[in-house]
Amino acid sequence: MRDCRISLIIFALLIVTACNDSEETKYKVIYSGESESEEQMDTPVEVKNSITKPATVAIVPKVVNIPYFNAVEKGAMEASKEFGVNVIYAGPNIADSKQQINIIEELIEENIDVLAVSANDPEELLPILNKAQRSGIRVITWDADTETEGREFFINMVHPETLGRHLMDTLAKHTNEKGDYAILTGALSAANLNEWMHWMMAQQEEYYPDLNLIEVIPTDEDPNKAYTSTLELLEKYPNIKGIIGNVSVAPPAASQAVTDTGKIGEVIVVGLSSPSQMREYLNSGAAQVVTLWSPKRLGYLTVALAKNLVEGIKPYDKQYIQGVGPISVMDDEVIMGDPIDFYIGNVDEYDF
Amino acid sequence: MNMISKFLKFKNYRLMPKLIIIYSLLTVIPMAILGYIAYSQYISSIEKQAGEYTPLLLEQAHANIHNQIDELKLLPNLIYNSNQVVGVLREEFYQTNSALLHDEFVVNNFLNTTYISGGNPNVLGVFLISNNRLFQATSKSYSGFELDASSFPFGQDFEWTESESIILPKQISLEFEGNPQYILLMKQLTDYDNRKKLGTIFIAYELNFLESIFEKLNSEKGDIWLMNDQGRVIYHSNHEEIGNIHIESNDYPILNGSFRTLNENENKLISLHTSDETGWTLAQSIYLSELTQRTDMVRNVTIIIFIILVIISLFLFVIFVWNVSSPIYRLVKLMKKVETGDFDVDLPTKSKDEVGLLAISFNSMVNKIKDLIKENYHIEIKQKDAELYALQSQINPHFMYNTLETIGMVIEEDDQETGVKMVTLLGRMLRYSISNKDRLVSIEKEVSHIEDYLTIQKIRFEDRLTFDIQKELETEQYYIPKFIIQPIVENSIKYGLERIEGIHILVKIKKISNPLNGGEEILLVIEDNGPGIDTERLIYLKKELKSDPTIKKDGSFGLINVHSRIVMTFGSNYGLQITSLESRGTVVRITIPCITSDLVASNLKMGESDNEKDISSYSR
């Protein structure tokens with residue numbers, strides 16, 4: 001009897017303590033993986049704090065008020081709205097590195113976070129870019145690169161080799177792979193233009209021995225200069241078969257000159273230009289095909305990558321950029337995508 | 001206070017319950033507690049193990065799911081691979097129906113080759129809404145997806161950012177043949193080049209890939225489900241739960257890790273892993289009994305063995321305790337018996353242990369006590385015998401002297417006949433007194449001895465003395481102690497003839513019934529008409545008669561001598577009484593028990609050594 005009672009008391013105690021537990025909470029945590037995830041949560045919170053003041057990105061094109069860079073501006077502004085970053089878009093009236101330096105000088109004073117430059121000259125801009133870096137500004141380049149020490153990475157629209165060889169292919173296709181041709185380029189110092197030209201010539205030497213480059217003419221991205229240069233060219237070389245416009249102002253100017261001289265069909269015009277500038281000439285037959293990428297997309301991408309850079313994310317290969325799609329990265333060079341050909345059948349699909 | 005009083009109570013318990021309580025306290029309860037602690041520790045370690053292990057498994061499984069979802073999220077981008085399709089999507093107006101139908105053919109064809117026949121087998125169907133056109137390709141026939149706004153939750157013209165969203169089961173009316181479970185990935189297509197909306201793509205993705213992941217996880221019988229941050233079940237091992245809201249998840253204390261329900265009926269271990277990316281939670285819920293199934297068997301066997309061991313050991317212990325306590329009980333009983341005076345006890349012993357030794361010591365102690373008592377008793381009896389002998393032997397030398405002087409006088413007077421008679425009487429008296437081997441004699445012998453004595457005295461005092469003896473019973477039949485009448489008669493003659501001229505002595509012997517117990521006894525009355533005893537002396541005598549007879553007395557008082565002998569022999573119920581009136585006479589009454597000749601004969605046969613028994617039997 002006695003030990004019965006003792007054991008009953010012990011049982012009662014056990015039950016009582018058990019009851020207390022269940023009253024406190026419905027569940028008993030055995031293992032928590034929470035701590036780890038809390039740490040992970042901390043970092044985004046810090047980032048959010050740091051960007052409560054929106055980042056300011058300065059986009060400096062080679063030149064303003066040409067359709068190509070206007071389209072870039074539109075893309076950049078769209079991204080600015082999308083990502084909530086301040087975008088300052090400022091560039092020289094002519095594609096001149098000295099004016100660009102002055103503009104950058106002013107921008108450094110404006111407390112910007114990222115400076116994105118399309119460089120008119122790979123070397124002349126270096127001092128001012130270095131100065132910007134010293135004052136805590138992250139510098140990247142887009143469209144046209146500088147020397148590598150001047151920036152963190154370069155956003156290229158297309159792979160230069162792909163573009164250069166493709167442009168040569170379009171010319172060869174329409175000239176039946178033979179005859180004289182000339183190239184209208186921008187500034188002779190522009191690195192990207194020179195690289196494209198390098199690959200054009202490489203392609204021609206490799207596959208098209210009957211094609212013959214007779215002249216490379218700088219236009220400084222000036223439509224008027226391009227137009228007059230083309231007229232002079234057509235006069236100087238009556239047997240010329242084709243013109244490659246290596247810069248967006250060149251194909252429209254060349255097409256206009258071909259139209260004005262009544263040489264539609266005789267002289268093939270290909271090159272880099274936007275559909276909106278070329279729609280008229282493609283439809284009239286003055287130009288056969290132009291190649292480009294979407295400058296809007298480029299502006300958008302530049303702002304997106306600048307914003308990522310502020311948040312500490314560097315671009316990496318096959319990164320999927322919201323609103324742009326996947327990008328590829330080689331060393332410190334970002335490549336936006338593949339070039340687009342515009343011809344009479346599809347030129348109406350594009351609005352830049 | 002309570003404890004102390006309980007302890008005190010406990011102290012007073014018998015040995016048996018005490019030992020059993022101590023045994024239980026020292027073995028059964030600690031063993032049970034130890035077993036309980038060990039078992040619960042083991043269970044909780046199993047719990048802990050499962051609780052730590054399962055979330056890791058879930059995390060892996062969740063990673064697999066993520067991979068699949070990530071792949072799924074890449075599917076819409078395949079649209080951008082075809083410039084032709086993108087071109088169609090950019091179209092806004094159609095001049096002719098044929099142009100529209102041609103474009104639909106192109107896109108449907110592309111969707112079919114890209115997603116249905118070529119690509120991922122999990123894709124049930126693809127729908128593309130663009131500028132009021134619906135393109136689709138499905139692997140199964142479907143219903144519930146139309147171009148009008150009512151068929152899907154956000155309407156056609158919803159504002160949607162770049163990122164994709166996943167429509168969970170039962171959020172949309174779309175159903176496929178055979179009712180497979182699916183999620184619908186919805187994504188806005190953007191014209192990256194023109195920076196415009198192209199349309200929206202919906203990809204229905206069958207969830208059976210989760211089934212295989214779940215099956216891999218679910219080695220135990222439990223529920224596995226995947227739910228979003230609102231608790232809506234995306235997939236469940238029990239298919240009926242898919243699409244429902246899992247309400248309990250609001251109460252869950254953590255979103256990553258394991259916990260146990262404390263509900264008595266449903267003791268479950270719930271493990272969760274929540275993805276930071278999607279906010280989806282992969283959960284597994286297992287009944288703890290499933291986990292501990294194997295251990296339960298071991299536990300039950302252990303408990304049964306434990307109970308059997310406890311029963312056996314308790315049984316053995318009870319036997320052992322009983323073996324110790326029952327001899328002690330018997331010992332106590334025997335001791336009580338000894339206390340009442342019965343020394344004829346024997347404690348049987350079988351064992352040689354402490355209890356056996358105790359019994360042996362007890363037995364020897366009782367025997368020793370018995371022997372000592374016997375010895376003491378014998379000594380006392382012998383002393384009494386000696387005393388009695390001494391008392392009996394007393395024949396008054398005065399009487400001898402007087403008798404011899406009388407004989408001398410008779411012979412001087414030449415009365416030869418009287419002289420011879422007296423010598424004969426004296427001789428008879430002497431022989432009677434010498435033959436005192438028998439302490440009890442027949443009344444006849446005692447009376448004749450008195451007669452002899454009185455006759456001698458009559459010859460000496462002539463007419464001054466007269467006597468009469470009345471026997472009212474068969475004097476041969478009954479026995480009395482020797483010499484109990486003579487000292488009284490002697491006294492009467494001595495004091496009577498000292499003071500008066502003549503005296504008459506009457507001796508009466510009769511049988512009376514005891515007024516107290518109704519038994520028979522013998523009454524001897526010796527009456528005289530002498531001067532009586534003066535008051536002072538009578539009081540002294542009466543006091544002497546009441547006092548302890550064993551204390552040595554002045555032997556000169558014959559009365560007291562006789563009384564002491566009777567009391568010593570038969571007990572204080574019997575004895576001598578005196579009544580006396582001065583100058584009128586004295587009456588002495590002696591009462592003794594009825595002792596027949598048969599009784600004396602039977603006692604004699606038993607021999608001398610049993611004297612003490614005689615006494616005790618007489619006294620009864």
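Guide: Two strands pair if DSSP finds at least two bridges between them; helices (H or I, at least four residues) and strands (E, at least two) are DSSP runs, numbered from the N terminus. With that in hand, let's start where the chains meet. Strand E1 (residues 27-32) of chain A runs antiparallel to strand E10 (257-261) of chain B, and five bridges join them. One of the pairs to look up is A:Lys28, whose bridge partner in E10(B) is B:Arg260.

Before going on, please note that this is a predicted model, in which local features need pLDDT of at least 70, side-chain atom pairs count only at pLDDT 80 or more, and totals for chains, interfaces and linings use all residues. Residues are numbered from 1 along each chain as its sequence is written, while chains are lettered from A and ligands numbered from 1 in the order in which they are written.

Now for the whole contact (C-beta atoms, placed from the backbone, within 7 Å). Chain A brings 33 residues to it and chain B brings 31 residues. On the chain B side, at least two residues each come from helix H2 (15-74), helix H3 (83-90) and strand E10 (257-261). H2(B) is the top contributor there, giving nine residues. By class, this side of chain B has ten nonpolar residues (Ala, Val, Leu, Ile, Met, Phe, Trp, Tyr, Cys and Pro), ten charged (Asp, Glu, Lys and Arg) and eleven polar (the others, Gly among them).

H2(B) also has a partner within chain B. H2(B) packs against helix H7 (residues 293-339) of chain B with the axes 10 Å apart, at an angle of about 170 degrees (axes are lines fitted to C-alpha atoms, for helices over the stretch in contact; angles run from 0 to 180 degrees between N-to-C directions). That makes the two helices, H2(B) and H7(B), roughly antiparallel (an angle over 145 degrees). Where they meet, H2(B) presents residues including B:Leu15, B:Tyr23, B:Met31 and B:Ile46, and H7(B) presents residues including B:Arg299, B:Phe306 and B:Phe317. The contact of H2(B) with H7(B) counts 15 nonpolar, four polar and one charged residues.

Turning to chain A, you will find an open sheet of seven strands with mixed pairing, in the order E3-E2-E4-E5-E6-E15-E14. Its edges are strand E3 (86-89) and strand E14 (328-330), each pairing on one side only. On average, neighbouring strands are turned by 20 degrees against each other, direction ignored. Within the sheet, strand E4 (residues 114-117) and strand E5 (residues 138-142) of chain A run parallel, joined by four bridges, and A:Leu115 stands opposite A:Val139 in E5(A). Helix H11 (residues 295-310) of chain A lies across several strands, among them E4 and E5, and runs at about 160 degrees to E5(A).

Finally, a look at confidence, given by pLDDT (the predictor's confidence in each residue, from 0 to 100). Chain A averages 85 and chain B has a mean of 81. The model scores ipTM 0.71 and pTM 0.59. In chain A, pLDDT stays under 50 over residues 16-24 and over residues 36-51. In chain B, residues 606-620 stay under 50, and the model gives them eleven contacts beyond four places in sequence.

Technical notes:
Contact = placed C-beta atoms within 7 Å. Parallel < 35°, antiparallel > 145°, perpendicular 65-115°, else oblique.
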